[in-house]
Amino acid sequence: MNCKISFEERAKIGMEMLAKQKPVTLEEARAQVKWLSEVSTSKEKKQRK
């Protein structure tokens, strides 16, 4: 991966990748959150130093 990329270029690439993804319904998003909370191994949030 090219490490010498500007913030604008990185943002443009990210937006292009997001545009290619299929939309997610609210029900699908809730199902993802539920699944992630069930399989999460850490019950405590990590604190930044």
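Biologist: Thanks! Let me start with Trp-35: does Trp-35 count as buried or exposed, and why?
Modeller: Keep in mind that this is a predicted model. Trp-35 counts as exposed because its relative accessibility is 52%, and the cut-off for exposed is over 50%.

Biologist: Which helix is Trp-35 found in?
Modeller: Trp-35 belongs to helix H2, which covers residues 26–39.

Biologist: Switching to charges, how many salt bridges does a search of the whole structure find?
Modeller: The search turns up one. Lys-22 and Glu-28 form a salt bridge through their side chains, at 3.8 Å from N to O.

Biologist: Why can side chains pair up like that?
Modeller: In general, side chains of opposite charge can pair when their charged atoms come close.

Biologist: Is Lys-22 buried or exposed? And what does Glu-28 count as?
Modeller: Lys-22 is exposed, with 61% relative accessible area. Glu-28 counts as partly exposed because its relative accessibility is 33%, and partly exposed runs between the buried limit of 20% and the exposed limit of 50%.

Biologist: Zooming out, how many helices and strands does the protein have?
Modeller: There are two helices and zero strands.

Biologist: What share of the residues is buried?
Modeller: Of the 49 residues in the protein, 0% are buried.

Biologist: Last one: what does the accessible surface come to?
Modeller: About 5600 Å², with 60% of that belonging to carbon and sulfur atoms.

Key
Residues numbered from 1 in each chain as written. Predicted model: local features only at pLDDT ≥ 70, side-chain atom pairs only at ≥ 80, totals over all residues. Heavy atoms only, no water. Helix = DSSP H or I, 4+ residues; strand = E, 2+ residues; numbered from the N terminus. Buried < 20%, exposed > 50% of the residue type's maximum accessible area, 1.4 Å probe, protein only. Salt bridge = Lys/Arg side-chain N within 4 Å of Asp/Glu carboxyl O. Areas by Shrake-Rupley, 256 points an atom, 1.4 Å probe, with all protein chains shown as cover.
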